Amino acid sequence: MNNEMRPVPFGTELKNLLAEYCTKGTLEQVPVWKGPVSDRIGVAAGPHTQTCQGIVACWAAGAGLIELKTIQTLYGKDLGIRKPCIDSGDEVYNTEWSSEFSAATAAGEYIRAFLLIRLLSKELSIPRIPHFAASVGYDYKGITSPVVTGFIRTLQDASGNPEWQEDLAFVRANRDLFANLTDGDVQDIVDHPCIAPVVTLSTMHGCPGSEIRDIVYYLLDTIGIDTRVKLNPTLVGFSLADKLLKTRDFHDELSPALFEKDPDIKEVQGILTDCLEKARECGRTFGVKLTNTLPVHAPGPDEGGTRYLSGKALYPLSVQTAALVASRCPDVPVSFSGGADSVNTPELLRAGIRNVTICSLLLSQGGYRNLPRVQAAAAQTGTAEAGGTDLDALMKLSAEASCSRRWRASLAAKPAVLHHPEIPAKTCAFCHSCVDVCPNRANVRLRTPSGEAVLHVPERCNACGVCACTCPLGRIPYEEKGTIDDIPTD
């Protein structure tokens, strides 16, 4: 089993994508969404935005906003990530809290993705470019370090980065790959080397309020970048959080100590007020992102350990947090991620939420194909332009989420597994679910001399485990699937 990803070279990825679109009309096995796209709807920082190929897939699926996976000073084995690291179902748990790549390698991934999207948009006549947002963590020492500060500055201006220079040199040397790309298009890319003009601060639970303020000031003033700070669902308090989970049949164990360590709403109100004023002084923008995941002790392979809860179970806590912040800090723009889907996204936008990003929805059946449904729903309901948050609307959504049967665990349990001992280990249902849900695009549909097959690309896999969660035969595709090396040559 492979559990360490290797970056795909720019030239290889570009050639593969051009050939795939020509023959299948897809990019990274994702049908290219041709419907309306709002830049207020996109994909949250997470497994889908860690690799170049995952980011391209997000764009193909219709993301108007792509939040890049969080980086910090630690990476690789030093993160101590247990594999598989994602358990997706009605509740979604993960133990992967930041990019497995180093900051330098992650920057290369993001630059490649940015350039590929810009180039493919022109060459394939896909007239939409998503906004990129960086994400960094987790404390003042780490974020002010040369590693993380250098990462942010690279995304502000990538022109001096070797990856940027080498990739554009490849484009110039291989113009025969393109039929529609013009010299003017290439020059326009060269003239706009900003990958991400905004950064989201993610802090670990228990980070002191004063330190959060200091980090935001550093980002706004010293680095000079528009900043969002991600707040924790612990703001609603232990009693309410526990009630919102238990009354809807989510039986995760919460730690009261966790809630005691995080800043309360009174302290957060002071932090946000100060940061908003600081942003105005610096000529920058400031806002909040709601919410972070919620640490829980939950049954499963890591029983007794901490896992991070997201998805459907988190939605009532996140929307309650949004209402709480809006009631105290009505002037602070609010972005949302925490169980968003095609039903509640239009409602959130109408309530004044600035941006809505999804993650867990892409880890369920359908994978990337679920994003167009969110975009279509928002377009059909005619959501208003981003403005101030509507407290009454958020309070109404919060009340509905706390009591509606739609958010009960029993209504969206995992599909029954059809596993039987007599089924051979490599039997495939050809449902293609493992292809759809893989955030790293490590499972691919191919035609072989013996017929259609779903094959595994080990170099792209980090053993996250999502494909195993959705396989109707109860298999583990990332361990059991044949690889491209298994294809017969005659």
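Helix 11 (residues 265-282) comprises 18 residues and spans 25 Å from its first C-alpha to its last, close to the 26 Å expected at 1.5 Å a residue. The expected span is defined as 1.5 Å times one less than the number of residues in the helix. Helices (H or I, at least four residues) and strands (E, at least two) are DSSP runs, numbered from the N terminus. The model is predicted, so that local features are reported only at pLDDT of at least 70 and side-chain atom pairs only at pLDDT 80 or more, whereas totals for chains, interfaces and linings use all residues. Residues are numbered from 1 along each chain as its sequence is written, and side-chain values use heavy atoms, with hydrogens and water left out.

Within helix 11, the buried residues are Ile265, Val268, Ile271, Leu272, Cys275, Leu276, Lys278 and Ala279. Buried denotes under 20% relative accessible area, exposed over 50%, and partly exposed in between, for a 1.4 Å probe and protein chains only. Viewed down the axis of helix 11, its buried residues fall within an arc of 165° and so line one face of the helix; the arc is that of the directions from the helix axis to the C-beta atoms. On the face turned away from the buried side, helix 11 carries the exposed residues Lys266, Arg280 and Glu281. The buried residues of helix 11 pack against helix 8 (209-223), strand 9 (226-231), strand 10 (286-290) and helix 12 (315-328), contact being defined as heavy atoms within 4.5 Å. Helix 11 is followed by Gly283, which has a positive phi near 70°.

Leu272 of helix 11 is buried, and together with Phe151 and Leu219 it touches the most other members of the largest nonpolar core, which has 105 residues. A nonpolar core is a set of buried Ala, Val, Leu, Ile, Met, Phe, Trp, Tyr and Cys residues joined through side-chain atoms within 4.5 Å. Helix 3 (residues 103-123) gives the most to this core, with 12 residues. When residues up to four places away in sequence are not counted, Leu219 touches Ile143, Ile152, Val199, Leu201, Gly224, Ile225 and Thr227. A second, separate core of 16 residues includes Leu245, Leu254, Ala313 and Ala409. In soluble globular proteins, nonpolar side chains tend to be buried together.

Phe10 lies in helix 1 (residues 10-24) and, at 4% relative accessibility, counts as buried. Apart from neighbours within four places in sequence, Phe10 is in contact with Arg112, Leu115, Leu116, Leu119, Glu163, Asp167, Phe170 and Val171. The C-alpha atoms of Phe10 and Asn174 are separated by 12 Å, although the two are 164 residues apart along the chain.

Strand 6 (residues 91-94) is covered on both faces, with Glu91 and Tyr93 buried on one side and Val92 and Asn94 buried on the other. Strand 6 pairs with strand 5 (residues 86-88) in the antiparallel sense over three bridges, where pairing requires that DSSP find at least two bridges between two strands. A hairpin of two residues joins strand 5 to strand 6, and Asn94 in strand 6 is the bridge partner of Ile86. Strand 6 is also joined by four bridges to strand 12 (residues 306-311), the two running antiparallel; here, Leu309 in strand 12 is the bridge partner of Tyr93.

Two cis peptide bonds were examined. One joins Lys83 and Pro84, with omega about -5°, and Pro84 lies in the loop between strand 4 (65-67) and strand 5. The peptide bond from Gly137 to Tyr138 is likewise cis, with omega near 5°, and Tyr138 lies in the loop between strand 7 (131-136) and helix 4 (140-143).

Ser125 has a positive phi of about 55° although it is not a glycine. Ser125 is placed in the loop between helix 3 and strand 7 and is exposed, with a relative accessible area of 57%. Ala463, also not a glycine, has a positive phi of about 55°. Ala463 lies in the loop between strand 16 (451-456) and helix 17 (466-470) and is buried, with a relative accessible area of 0%.

The chain averages a pLDDT of 91, and 93% of the residues score at least 70; pLDDT is the predictor's confidence in each residue, from 0 to 100. Over residues 415-420, pLDDT stays under 50, and the model has 13 contacts beyond four places in sequence for this segment. Where pLDDT is low, the predicted coordinates should not be read in detail.
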